Amino acid sequence: MANLLTHSIIVLYAFVFISQCLKYHLAGWLWLSSLCWLIISVLGNMFLPGLSGLFKPTNLYLIPVYIFLAALFYGNKKILNAQSSYLSNLIDSGRLQYLSLIIWMVLISCLGQWMPNYSSIIFYLIKIILWQPIFWIGSQWILMWVLHQNQQTIKRPLTSQELVLLTMLWQFFFVYLSLLGKV
């Protein structure tokens, strides 16, 4: 049942991305995302034969990574000029999520010698991207909603530092619950 829910969310995420790209004539971003998927799948199959393939969960769970990598190479100006609030919030939320993940990795790596479980903390941070697409996509959609509300109705918009801290807080709770064995 959990796999069905996970796959349904991934398919919904991909479908909305594809429809938005086609609606706003951003086929280049779509094709570049597909190319990232193919390249990472082929490389993964070379290094992890049998575990990695085009339609294996290990590669399907990385759809947000492919979209974000393609956006880096495609260019944010084209995406922002498309007037799609969904796609621009998708890029901004992805940027915030990856930035907060990198900050956590650097902090844990620097302070790791004083922390008893630092290797398992790093493992759970990597697990967020690789094996927990429901958490990653769900938190990205929540962050996209916060960004949308931030642009529309909030009197004092949140700064990017506040949004990074909010994202770091979500990731902290995920790692904390993982260390307790609840996730």
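By class, how many nonpolar, polar and charged residues are in the lining of the largest pocket? There are nine nonpolar, two polar and no charged residues. Here Ala, Val, Leu, Ile, Met, Phe, Trp, Tyr, Cys and Pro count as nonpolar, Asp, Glu, Lys and Arg as charged, and the others, Gly among them, as polar.

This is a predicted model, where local features need pLDDT of at least 70 and side-chain atom pairs count only at pLDDT 80 or more, while totals for chains, interfaces and linings use all residues. Residues are numbered from 1 along each chain as its sequence is written, and side-chain values use heavy atoms, with hydrogens and water left out.

A pocket, on a 1 Å grid over the protein atoms alone, is an open set of points where a 1.4 Å probe fits, with protein on both sides within 12 Å along at least five of seven lines; lining residues have an atom within 4 Å of a point. Volume is the space filled by probe spheres set on the points, which are joined across faces, edges and corners.

The largest pocket comes to about 260 Å³. Its lining is A14, F17, I18, L30, S33, S34, W37, L60, I63, Y66 and I67. Two or more of these come from each of α1 (2-23), α2 (27-47) and α4 (63-74); helices are DSSP runs of H or I, at least four residues, numbered from the N terminus. α2 gives the most, four residues.

The second largest pocket has about 160 Å³. Among its lining residues are I40, L43, G44, L130 and W131. α2 supplies the largest share here too, three residues. By class, this lining has six nonpolar, four polar and no charged residues.
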